[in-house]
Each structure stands twice: as structure tokens, then as C-alpha cells.
Amino acid sequence: MQPHWNVLIEVPPLHMTGMMSLVAYDDSDAEDGEKPSTSRTAAPPGSPPVQSDLYPCPAATARVTGSPSFITDINVMDRKRKSVHNNNCIPDISLSNSDKCVLQPAHKRPPGGDSLLKPYISKRLRQEQSNTAKEVEGHVSGRSHDHTRHLAWNIYRVSEYLSPHLQLKYTSTEIPRKAVFQMCQHGGAVNRVQWCPANRYSHLLLSASMDATFKIWDAVDSGKCLRTFSCHEAAVRDAQWSVCGQKILTGGFDSILHLTDVESGNHLFSVKNECRISHVRFNPSDPNLFICGGFSPVITAWDIRTDKVIHLYKAAVQQHFDVLFLPGGKEFLSTTDSVSRDSADRTIIAWDFASAAKISNQIFHERYTCPSLALHPRDHVFAAQTNGNYIAIFSTQRPYTMNKKRRFEGHKVEGFSVGCEFSPDGSLIVTGSSEGTIYFYSYHSSKIIRSLPGDGSACVSVTYHPVLPSLLAASYWDGQIRIWQ
């Protein structure tokens, strides 16, 4: 007769077993107050519950008393259960006929093991989290808009230093003596600098650089860069303010024309040109029209309102260096690279803007190219910078005769596109040079009055401030911009 063995199993209270079997999944649509479905380990009727390794219950402990053979059966059962548990399935394990315990799979258990189990989140809580995320997104968007408005205010403000001079009449230009700001944030040569033409915002300075950017500076109060625009993919060869001071027209070696709104940074006009661009100019009588030219025998006139070319100006040349509108905007001049052995006809060409007809190409007959042009603010004359190391003076009236008795000599130009400019009162001509020195000439005597030494890098662009009579901006081939006063 086999001895009788007793198996004592302590089972936790009912409320504890119920709590430990609560599991929620992603597919639950229960509202607040509803409980998700529960699962428990099923056992045959009349059999005592056995704790499963897959669903451990810390409060349940088993005390086994009996023969070693029964203990061996229990150990074998444990090894089978652990082996099958590693394969992510639940076995049907049977004991002896007298102590039989069958484990059933849990209901609604997703495949893949415990890693897919997620905490239960009610529908109302999910809605609250969604509303909170929308509020945060709106707050961030509002902060971005406020930052844009603050940035625009920081640019379009009245300079404290400039404000007392706005009501004064510009009398006579003074020659600066020392550099007050030296700005070095460009990574390439600075091709052009220009003060904002709106006197109220003339503390702003525009710069175009070979590093494919153009920048706006506070060049009166702080000498800091206020905004950087990187919309070009290659060197920005030229840039010009609109008359209102709210827009900037740029062109470069990527053959792209951009008209940029300074406040928002958006492109109001963007088009691909047929050639690399070296100069852009607004028509002084119509701000919606501009011309551009470069490494091509054709100069194009564009209408911003239609995004189309309205005129083509063709010349028997390879490229154009600079363009200049004459007073009224009905005629403009262009300088080219057309130089022959005995004469230099077509070096400066006069055009009729409306008809695209060539008015004259017999203006300059000397064998030098002219990299830049400048218009006198009061007299009917314009200046042409030449690679012969001098500046020549011409009449703006037909037939655009050159004044052979007045020539501004003493600076070096060859090898660089050096710009020149008249002072706002017309009494001085200021020019850069290939060695970096800035020269000031008397317009009436053609003599050098003073010079500002450089550091050896070519000075390629100079411009006087329209309100402050002694403030001058100059850009250099090494990427520097200096403000002299």
C-alpha cells in the first residue's frame, strides 16, 4: 500500500489575486471608471490552484511534503515550464492522476511577450494630453512670431546717435580720420557695401560677399551684424537697397536674382538668370523695374510684378562690368571688356531704357576697361574708374563728352574691381585701391587731399553716409569692413 502524501498550498486572499491579474492593452477603449478585462489562471474543478512562473504571485508560497518521487516530478515540471516559457508559449503540464494541474493560456495576451504590455490610459486622459500638446505648440509658435517682430524692431529703429542729425541740413562733407568699427564676420571678400537710403534707418549697412551671404549691420551704434541672409549658393557679387529701405535686390555667381524682404526674410522675387551676375540696379523712376548684367553680352531688364524680362540690351562684347542709371531713369550706361589694339570703342555704351536701342558706343576711346561708374549728386557729370590708375569725368548729356582737363590720378586699380563714389555734397571723390589705401580727391582741383592707409588688402568698395558728413564705410578683399570717422 502506497503511503499517502499531503500537499499544502497557501493561496493569497481573493482581492490580492484579482489586483495582480489586471492588465491593460492599447486596444482597450474603456472610459474613465471602466475596468479593463482581467485574466486568471484556470484550473480544473476540484484542483487546488498552483502558482505559475509566468504570472508570479509573491504572496503565495507552497510547502510540499511527501515522497522524493513526487518532489522529483515537481522539479521536472518546473524545468519544462521554464524551458517552454523561454519559447514564449504556455504548456499544458499534467501531474499524476491524483495531483493533476493544467495551466491554460491567458485571455487577450498579445504575441511577443511582456515587452508589448503598456499601462492603461483612459480616453479622457489621452484627450487632455493632446490638448496640452496643442497649447505648447501654439505657445512656441507665438514665441517665434514675437521673436520675429522683436528682430524687425531691432533693425528698424531710430539710432540714438543718428537721431539728432536727422533734422539738420547736410552742409559739407568732412574727411574721416580713424576707424571706429572693424567688422570681420564675412568669410570671403566683401564686394560691395551700401548705406540704407532711407535716412531714418541709415544706421543700417548692407554688405555682399564672396562667401555666398549678404548681411545687414548696425554700423553707427554698435558695429554688430543684425541679420545674415544665405539664400545664394555661390558668391553674391552685388546687392542694392530699395528706395524705401525695406527690400534688398541681390545677384551672384549662382545666376540667381533675389528680392528679399528684410523684415520677414521672404523672397518677394526669385528667378534664374541666363548668366552669372555681376551687377544689379533699380530704375530710379520705377521701383518695380531693375536691370542686371554680368558674364554675358546681354543686359536684361526685369519687371518684379510679372517676373518676366521686359527688355534685352545686346552688345558685341563678352561681359559687362557695371551699369549706371542717368537722372530720370530713361537712359543708362554700361561698361564692357571690349578693348582693341588701337581704340576702345564700346568700352562705355549708352542705352535707351524703354526701346533697348543703343544711343552711343563712342564715349571712351582710351585702351583701358572701366570697372565702376559713379553719378555726381548735383552736376551733370559721371565718373568712370579705369584700370589705367585714374578716374575720368564725363558729361551726362549727349554726346557724353569726356573732360580731358580733369583726371584724378595717384591710386592703383589694376587687378581688382575697385569702386569710387562722390560725397553727398559733391565736393569730394573717394576711391579705394588695390593696395588697400583710401584716397580723397577734391572734385574741383583733382588733387589728393588725404588718404587713409590700409593693411595691404585691396579696398574694393567705399561709400559715404547720407546723413553724417564724416562717416565712411569701406570693404576689403580679405573680408573686413571698416567704418571710418
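**View 1. Ile448 and the residues it touches.** Leaving aside residues up to four places away in sequence, Ile448 touches Glu409, Gly410, Tyr439, Phe440 and Tyr441, where a contact means heavy atoms within 4.5 Å. This is a predicted model: local features need pLDDT of at least 70, side-chain atom pairs count only at pLDDT 80 or more, and totals for chains, interfaces and linings use all residues. Residues are numbered from 1 along each chain as its sequence is written, and side-chain values use heavy atoms, with hydrogens and water left out. Ile448 sits in strand β27 (residues 448–452); strands (E, at least two residues) and helices (H or I, at least four) are DSSP runs, numbered from the N terminus. Buried means under 20% relative accessible area, exposed over 50%, and partly exposed in between (1.4 Å probe, protein chains only).

**View 2. Phe382 and Phe394, a stacked pair.** Here the ring centres are 5.1 Å apart and the planes meet at 15°, so this pair is stacked. Rings of Phe, Tyr and Trp (its six-membered ring) pair if their centres lie within 6.5 Å; planes under 30 degrees apart count as stacked, over 60 as edge-to-face and the rest as tilted. Phe382 belongs to strand β21 (residues 381–386) and Phe394 to strand β22 (residues 390–395), twelve residues apart. Phe382 is buried because its relative accessibility is 0%, and Phe394 is buried too, at 1%.

**View 3. An aromatic cluster.** Which residues form this one aromatic cluster? They are Tyr313, Phe325, Phe332, Trp351 and Phe353. A search of the whole structure turns up 19 aromatic pairs. One of them, Phe325 with Phe332, is tilted, at 5.7 Å centre to centre and 55° between the planes. Both Phe325 and Phe332 are buried.

**View 4. Arginines over tyrosine rings.** Arg406 lies over the face of Tyr443, 4.3 Å from the ring centre. Arg482 has its charged end over the ring of Tyr476, 4.8 Å from the centre. A charge sits over a ring if NZ of Lys or CZ of Arg is within 6 Å of the ring centre and within 35 degrees of the ring normal.

**View 5. Stepping back to the chain.** The protein chain has three helices and 30 strands. Of its 485 residues, 45% are buried.
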